[in-house]
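Welcome! Let's take a walk through this structure together, one region at a time.

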Amino acid sequence: MTTVTLAAAHVAPVFMDTAASTDKAIKWIKKAGADGADIVVFPEVYLPGFPYWINCYAPLLQGEMTRRYQDASIEEDGPEVRALREAAKDAGIVVVMGASERGKQSRTCFNSSLIFNSDGSAPFIHRKLKPTFAERTVWGEGGGERLGVVPTSAGRVGALACWEHTMNLARQALAEQNMEIHAALWPALDTMAGFDQVANLQIQAMMQNHALTAQCFVISAASPVTQQMLDFMAAEIGPQEFLKTGGGWSAIIHPFGPILAGPVSGLEEQLVMAQVDMTARHDTKMWVDGSQGGHYSRPDVLRLVHENAPSDGA
């Protein structure tokens, strides 16, 4: 398609309730389809929500909650994935969903981005390569075979989560695969103590840089922190003073850098949407083409080694 409508779902999950969050996601998928979107991107680990307690409490206070988080994580052939496949097919829309994914016959979980095509086929699953900071207590590391770009009805789609965008070689691996649409999945980093003044500046800079250097449209989706999340953690673990409500940064960005829709932040849930002409990438690529074999690549000087053999075994 030449004209494509892109959507970021600036929505919060029903925290730690995977079934209810899946039902809520399906309603937003239906709305996105009805509103004319060709692709909708949900935030990082929307299912079952970002485990904010990892940055708010001492490690020894977190064990029971992290075990429950493993219980609430999805599996690639589980009922949530089947329901989302049907929802994508029924709405005729590509869906990118953030989820904590539990490996088959394993308790190891991964911070995953699932790309569902509009035909209801099994999703491509990217697993976050390097969990950030305290995230390492929750998730394992993904493998290179899951760092890819997927042909979909909306275009060639790739995905990264949160600070994976600081990994320049991970971004380059997608750029070299001639990605047309990039799904960027985020939590509400600006709600955390020490990040309130810098997080959204960092995210905007990374998203606009990636749009230009990969010559792709970027859909950045984040979920706000709700009072339900704070109440849940206070009731289950105890009081904390490091996290507040609201936040998130959701937007759609042109390959040359301008923000086409948004940015949106705060508790109001909405679809951030923009209709784009996919051939606009050609104008950007006239100036800079960083895809494999493109005129702005120099494999004789700089060459990326992408180890894509199966490595995680789960």
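A residue is called buried under 20% relative accessible area, exposed over 50%, and partly exposed in between. Please keep in mind that this is a predicted model. With 33% relative accessibility, leucine 212 therefore counts as partly exposed. You can find leucine 212 in helix H5, which covers residues 199–214.

Now turn to strand S3, residues 94–102. Nine of its nine residues are buried, so strand S3 is largely enclosed by the rest of the structure. Val94, Val96, Gly98, Ser100 and Arg102 point one way from S3, while Val95, Met97, Ala99 and Glu101 point the other way.

What are the partners of S3? Strand S2 (residues 39–41) runs parallel to S3 and is joined to it by three bridges; here valine 40 has valine 95 as its bridge partner. Strand S4 (residues 109–116) pairs with S3 in the antiparallel sense, over eight bridges, and glycine 98 stands opposite serine 113 of S4. The hairpin of S3 and S4 has six residues between the strands, and glutamine 105 takes a positive phi near 50 degrees there.

Further along, six strands make an open sheet with mixed pairing, in the order S6-S7-S8-S9-S10-S11. Its edge strands, S6 (150–152) and S11 (259–264), each pair on one side only. From one strand to the next, the twist averages 20 degrees. Within this sheet, S7 (residues 155–161) and S8 (residues 181–186) run parallel and are joined by five bridges, with glycine 158 opposite histidine 182 in S8.

Key:
Residues are numbered from 1 along each chain as its sequence is written. This is a predicted model: local features need pLDDT of at least 70, side-chain atom pairs count only at pLDDT 80 or more; totals for chains, interfaces and linings use all residues. Side-chain values use heavy atoms; hydrogens and water are left out. Two strands pair if DSSP finds at least two bridges between them. Helices (H or I, at least four residues) and strands (E, at least two) are DSSP runs, numbered from the N terminus. Axes are lines fitted to C-alpha atoms, for helices over the stretch in contact, and angles run from 0 to 180 degrees between N-to-C directions. Buried means under 20% relative accessible area, exposed over 50%, partly exposed in between (1.4 Å probe, protein chains only).
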